[in-house]
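Me: I would like to go through the terms used for this model and ask, each time, what stands behind the word. Please set each value against its definition.

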Amino acid sequence: MTHDDTTDHQRPPAEVRFAGELERLRENDTGPRPPGWALSLTAARRFVVGDEALGVTRKFVGDTSLIDRALVTLATSRGLMLVGEPGTAKSLLSELVAAAVSGTSTLTIQGGAATTEDQIKYSWNYALLVSEGPSTRSLVPAPLLEGMAAGKVVRFEEITRCPLEVQDSLLSPLSDRVLAIPELAGPFRGVRGVVPPQETGPDAMVFAREGFNVIATANTRDRGVNEMSAALKRRFNFETVFPIADFATELELVEAEAGRLLERSGVGVAPRRDVLEVLVTTFRELRNATTEDGRAMDRLSSVMSTAEAVSVAHAVGVRGWFLRGEAGEAADIVACLAGTAAKDSPDDLTRLRRYLEQQAPRRDGEQWRALHAARHLLPG
């Protein structure tokens, strides 16, 4: 296997998965490009929302005006902040936009409680640091430094999971477009330890090249998030990514994504449409705490997102194929739902059981009857 062979990778980055589409868009791109961009705004938009004439697939299901606003923001000096509930494809959107704008989506920082400034800016090869001292050879660039030096978009996933002081390390790169590396500033001579300008090392300041910007994502519902400082908020334009409102659109998305995942998992049959209709309806009602005919019901504390629906649809297909040699049925939904519904509170299993006992029998169809009959598969 060669270094570039990605056929056995579970999920190659967007610029690899859709390399052919990006190439066709570049060849047919006649629009004006912002400085440092790989595509024009119109071509980048087509990469995300699709273009049948060029054979470019639609990759993000949502408000297309959001894509326009996001791209315009990145063409300015402000960062882009995508906020919304978990599972609304914020990370996917940031990946697609970065791939379209910069040709790469892998300059990514994954935010978390243990994230440090070293993982955002730069760190050191300590063996070289001890033997040679601070130098560009011993410097290990992190995504922010790489993005600024190369003029690329940097993705910061789950930024609000980082401590406030770590988040604020973005302030200078986003406002002054410069990143200081004081260790490379040269000998500290001068009055009171101040380094005169002529003695500042040439590599001590990294100035952002055209094309650099930051796309950050943040959840509005999860626990363990930290409030952003007002100073950092001012350096971003905020865009909210909402759940899919239309049932048919969500069903089509779940069917397409689950089908791709099942194919990669070695499942030889496509998911059943009637089973997916029951699955998507169940997720939408549990998510909204309202049935399709307007009856109120208990809301689960777990996030019943479209992404979770795809995951359950994938599990249903795997369970049906590898255990029984078939596509999976409604009873498999119950077995696979427990791990999704019981993440935050044990009471969610009680609410889910009540839904299966009270709401499923009201529906017509074989799969709904099977869903009701399989309620005993829930644990507890």
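Me: What makes α12 the element with the largest share of the lining of the largest pocket?

Reply: The share is a count of lining residues, and α12 supplies 9 of them; a lining residue has an atom within 4 Å of a point of the pocket, where a pocket is an open set of points on a 1 Å grid over the protein atoms alone, with protein on both sides within 12 Å along at least five of seven lines. Elements are DSSP runs numbered from the N terminus (helices are H or I with at least four residues, strands E with at least two), and α1 (14–17), α5 (90–102), β8 (213–219), α12 and α14 each give at least two residues to this lining. The model is a predicted one, in which local features need pLDDT of at least 70 and side-chain atom pairs pLDDT 80 or more, while totals for chains, interfaces and linings use all residues. Residues are numbered from 1 along each chain as its sequence is written, and side-chain values use heavy atoms, with hydrogens and water left out.

Me: How much space lies in the largest pocket, and which residues are closest to its centre?

Reply: The largest pocket holds about 1600 Å³, a volume being the space filled by probe spheres set on grid points that are joined across faces, edges and corners. Of its 46 lining residues, Arg-11, Arg-17, Leu-92, Glu-257 and Arg-260 are the closest to the centre. The lining divides into 17 nonpolar, 14 polar and 15 charged residues, where Ala, Val, Leu, Ile, Met, Phe, Trp, Tyr, Cys and Pro count as nonpolar, Asp, Glu, Lys and Arg as charged, and the others, Gly among them, as polar.

Me: What makes a space a cavity, and how many are there of 30 Å³ or more?

Reply: A cavity is a set of points where a 1.4 Å probe fits but cannot get out, and the count is 1 cavity of 30 Å³ or more. The largest cavity has a volume of about 50 Å³. Its lining consists of Pro-271, Arg-272, Val-275, Leu-276, Leu-279, Ala-313, Val-316, Gly-317, Ala-327 and Gly-328, and the elements that give two or more residues are α13 (273–288) and α14 (306–324).

Me: Why are α12 and α13 called oblique to each other?

Reply: Helix α12 (residues 247–264) packs against α13 at about 120 degrees, with the axes 10 Å apart. Angles under 35 degrees count as roughly parallel, over 145 as roughly antiparallel, 65 to 115 as roughly perpendicular and the rest as oblique, and α12 and α13 are therefore oblique.

Me: What makes α14 oblique to α15?

Reply: The axes of α14 and α15 cross at roughly 135 degrees and come within 9 Å, which makes α14 oblique to α15. The α14 side of the contact includes Val-316 and Arg-319, and the α15 side includes Ile-333 and Cys-336; by class, the contact has 6 nonpolar, 2 polar and 4 charged residues.

Me: Which residues of α13 meet α15?

Reply: Val-275, Val-278, Leu-279, Thr-282 and Phe-283 of α13 meet Ala-330, Ile-333, Leu-337 and Thr-340 of α15, and this contact divides into 7 nonpolar, 2 polar and no charged residues.

Methods:
Axes fitted to C-alpha atoms, helices over the stretch in contact; angles between N-to-C directions. Contact = heavy atoms within 4.5 Å.
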